[in-house]
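Biologist: Can you walk me through this one? I'd like to start with the contact between the chains.

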Amino acid sequence: MGRLIARLNAGLRVKIVIIASLLLTLPWFGYRFVLEIEKLLRQGQEQTLIGTARAIATALNERPALFSQQASFLPSVQHGRDLYVYDLPGSITIDGHLTDWPEDLDAKMHYYGRQYVRFSQRPYQQGQTDFYLITGRHQQQFYAAMKVKDQHTVLRRSNSHQVDRNDHLILALTTPQGEFQRYLIALEEGGQTSAWIITDELDEPNLFSPTNLMTAQWQPRQDGYSLEISMPVSLLGQRLSVSVYDVNHDTHRDVETIIGTANANTASDLGTVLLPSPEIERIVKGMGHSSSRIWVLDRHQRVLAQSGDIQHSDGVWATSVRYDEEDHGLGSWLDQHLLRPLYSTFLLSEPVPFQDKPANPALITGVNVDQALQGRGYAHWRASTDGKAMILSAAYPIWLNDKVMGAVVAEESTQGVQTLKNRALEQLFNVLLAIIIIAAIILFLFASSLSGRIRRLRDQAEQSIDAQGRIREAITASTSKDEVGDLSRSLANMVSRLGQYNHYLENLSSRLSHELRTPVAVVRSSLDNLSMSTLNPEEQRYIERAQEGIRRLSTILSSMTEATRIEQSLQGADMEEFTLNELISGCMQGYQFAFTDQHFQVQVPKSPVRITGAPDFLAQLLDKLIANAVEFSHPNSQIEVTLSQTDKHATLTVSNQGPLLPDDMADQLLHSMVSVRSQAHQDKPHLGLGLYISRLIVDYHAGQIAIRNRHDCLGVTVAVTLPLRTATNT
Amino acid sequence: MKQIAIVEDEAAIRENYMDVLKKHGYKVQGYADRQQAQQAFDIKLPDLAIIDIGLGHEIDGGFALCQSLRALSPTVPIIFLTARDSDFDTVCGLRMGADDYLTKDISLPHLMARIAALFRRSELMSAPATEETLLHRGALTIDQNKMQIFWQDQHIDLTVTEFWMVYALAKRPGHVRSRQDLMEDAHVVVDDSTITSHIKRIRKKFAQHDAGFDHIHTVYGMGYRWGA
């Protein structure tokens with residue numbers, strides 16, 4: 001990874017930030033953790049919900065009165081024949097219009113067609129006569145609604161004694177006391193009906209007696225009529241069948257087709273009707289205050305009672321989240337207006353409104369119900385009918401004499417857990433965001449300071465040694481105790497050691513001369529002693545030669561220490577302001593005297609060049625430059641000396657015509673004891689110190705010296721640039 | 001007979017110097033280190049001492065010896081004869097009360113001349129100055145015999161080398177003396193910058209008595225001259 005980043009040519013700061021971006025995986029771990037917690041919560045919710053279902057089931061156990069004797073003990077129920085009474089939200093106005101029934105009326109109505117034909121004069125044809133039926137209850141009133149297909153509605157003639165020679169219905173039922181009872185509802189003019197109790201055998205004359213226990217109204221439809229019936233619940237026992245008698249001919253008025261939910265002739269043939277006992281209602285209502293939707297089912301999975309609304313059943317979890325509390329303050333404002341929308345856009349799925357209506361409200365199905373009816377409590381997750389939410393559904397069996405009589409189904413949405421999870425995630429993300437931002441800032445600052453320090457160290461390291469490899473300034477050792485500090489100290493140490501070594505090298509000549517001086521003194525004093533004794537001229541000649549040699553050796557030794565001496569005396573030199581023109585003109589006159597064979601050409605500006613410096617040393621510098629130039633000049637050539645002034649600098653050039661410099665030697669010539677003199681020039685001792693001393697003097701004046709071949713390649717130019725105003729050397 | 005003490009750790013040089021001094025009629029004692037010399041000086045002071053700075057293990061043994069000798073006698077002439085020729089050592093040595101500071105590459109005749117000059121100076125110090133030995137240049141008076149220089153009748157305490165330099169400049173005022181000339185006049189073999197620092201020191205010594213002293217002129221590129 002490091003190599004990859006390095007290849008990207010990134011700085012230390014970028015690298016640290018990239019590596020630190022691993023911090024960004026924290027939210028992922030947090031997210032995983034919260035998901036785990038959510039799983040746990042869900043398991044908890046499952047257990048709680050099963051507990052709820054069990055509690056309710058326990059309340060219903062061993063209470064035979066709660067269950068209808070007829071239906072509940074049937075091995076199976078037949079949908080259509082065995083009727084289900086829906087719980088209606090409000091009372092129904094009996095007017096024949098089905099508008100005040102619940103909207104999903106069409107879905108709930110059961111279709112009675114060919115299967116339910118009890119009698120037909122002619123072979124029954126599909127679509128000839130059929131009907132839809134729904135039964136419902138509100139409080140103590142039983143309702144039925146029908147849509148009947150009838151090609152020709154034949155109504156009861158007014159004032160006719162006949163009530164069954166027209167389109168009519170027969171309601172056969174058992175009373176709560178178990179008596180078999182039949183009612184006839186005849187269609188009359190203007191949507192009116194008349195209700196009759198069938199008291200005796202059908203073929204006896206005084207068969208029908210009018211009753212007002214039952215009310216009904218009908219309305220014509222495109223292909224038949226719709227009908228509403230109402231009667232008190234107290235009339236109805238546990239069995240019921242509804243039959244439509246269709247009459248089509250106005251004249252002979254025979255019943256052509258009978259379609260009924262069940263055979264209406266004997267009580268035992270009737271289908272059952274599920275009328276939940278008020279006791280169950282009461283018990284379940286008591287449970288309705290739990291935050292779950294609860295169904296009580298009979299063993300045929302038919303709903304006996306229901307309480308609660310799935311929209312509000314988010315379990316007990318939601319109440320533990322108090323996210324509606326809002327603080328006032330920047331943090332909360334940020335949270336409300338920036339972070340939460342951001343999270344819900346990219347990370348969280350906020351609970352959304354959802355619909356959950358079972359396809360058949362009368363019949364609750366599901367694995368859990370099956371399991372419960374097998375005698376086992378069970379919970380499972382399912383999607384809501386519109387798929388927008390998850391619903392936890394738990395079922396628990398109701399026992400009666402070791403027999404499963406039904407089941408309690410409790411349902412909760414996961415909204416509570418989801419909300420809880422969302423809040424947890426929000427909190428987590430908030431905290432992590434804060435941590436990451438702070439960590440990123442701290443890391444960035446840390447990396448910046450680190451790279452800043454390293455950069456400073458690099459600059460120091462680069463500045464500490466000049467192009468000639470001399471120590472320019474020492475590295476200030478850092479005092480910090482970390483590795484960069486160590487590095488800084490090592491570098492400082494290294495530079496100072498290098499400086500010491502450089503110093504040693506530069507002082508080598510003076511040390512050497514110092515060490516050589518004693519043996520020279522031995523030789524010299526011995527020779528002097530010798531020369532004082534009387535010798536013959538021959539011996540005297542050798543002595544003199546030896547003395548001459550020793551004298552030369554002394555000169556060499558003196559000049560070897562010259563550079564060191566210059567350095568030392570430069571430290572004590574005083575700066576003063578003077579006119580450089582005069583110094584150069586004066587010196588040049590002197591040189592003209594000294595080097596009579598040489599021709600000098602001097603160019604100095606007319607205006608005085610005032611400079612702050614040590615004139616003695618600058619004169620000495622000029623001495624060295626001129627001596628050098630003279631030495632390397634072709635005979636009879638000119639030496640050009642020019643002085644020019646810019647804004648802040650004075651530039652002095654000494655240019656001679658002579659041999660060119662070897663390549664790459666230019667800078668080295670400014671070092672101690674480097675010389676390019678050919679053997680021809682070795683007539684007097686030279687140590688290559690002239691330019692070195694020049695450089696020392698120029699360095700002392702904070703100037704620059706460069707030695708280059710002339711542009712016209714005729715010789716060599718030495719250019720010295722001096723600042724006009726030197727900082728006082730301390 | 002004048003008694004001269006030579007303190008020098010290098011036996012060959014010591015012997016050579018002792019030989020030549022004996023030849024010139026001095027009585028000479030040689031000492032190889034500071035302790036020997038110290039013991040000898042405690043018993044009897046020499047008439048003149050020639051001391052090397054580095055003595056055996058002691059890098060600055062000569063300086064210490066010079067100090068203790070100067071403490072014993074304020075007048076005994078002391079010459080440093082050493083291989084060390086740095087500015088710092090020269091200044092140090094002269095400050096410690098030495099009368100001259102010579103480097104070892106001086107030739108024996110020059111050394112003899114210096115010794116003689118010092119003896120002459122110490123002998124003549126008390127004798128009255130005769131007119132003909134006095135050289136007057138304005139406020140400057142040079143007593144050649146005593147090798148003493150006065151500025152505005154105040155004695156300027158110069159070393160022998162410095163004396164010769166001032167003498168060489170003042171003898172012919174207005175004439176430029178190159179550094180080479182001054183070197184020869186003062187019988188020293190040193191480089192140009194040493195001459196420069198000598199001149200600087202001479203100016204300072206004059207300036208101690210007269211802040212406005214400005215009679216030694218630098219002629220850039222040529223040398224120095226005594227200005228009226």
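Modeller: The contact draws 35 residues from chain B and 33 residues from chain A. Contact means heavy atoms within 4.5 Å. This is a predicted model, where local features need pLDDT of at least 70 and side-chain atom pairs count only at pLDDT 80 or more, while totals for chains, interfaces and linings use all residues. Residues are numbered from 1 along each chain as its sequence is written, chains are lettered from A in the order in which they are written, and side-chain values use heavy atoms, with hydrogens and water left out.

Biologist: How much area do chain B and chain A bury between them?

Modeller: About 2,900 Å², with 56% of it on carbon and sulfur atoms. Buried area is the accessible area (1.4 Å probe) that two parts lose on being put together, summed over both.

Biologist: How many salt bridges between chain B and chain A?

Modeller: The count is 0, taking a side-chain nitrogen of Lys or Arg within 4 Å of a carboxyl oxygen of Asp or Glu.

Biologist: Which helix gives the largest share of chain B's side?

Modeller: H1(B), with 7 residues. Helices are DSSP runs (H or I, at least four residues), numbered from the N terminus.

Biologist: Switching to chain A. At what angle do the axes of H10 and H11 cross?

Modeller: In chain A, helix H10 (residues 483-506) and helix H11 (residues 508-532) cross at roughly 45 degrees, and their axes come within 4 Å. Axes are lines fitted to C-alpha atoms, for helices over the stretch in contact, and angles run from 0 to 180 degrees between N-to-C directions.

Biologist: Which residues make that contact?

Modeller: Tyr504(A), Leu505(A) and Glu506(A) from H10(A), with Leu508(A), Ser509(A) and Arg511(A) from H11(A).

Conventions. Helices (H or I, at least four residues) and strands (E, at least two) are DSSP runs, numbered from the N terminus.
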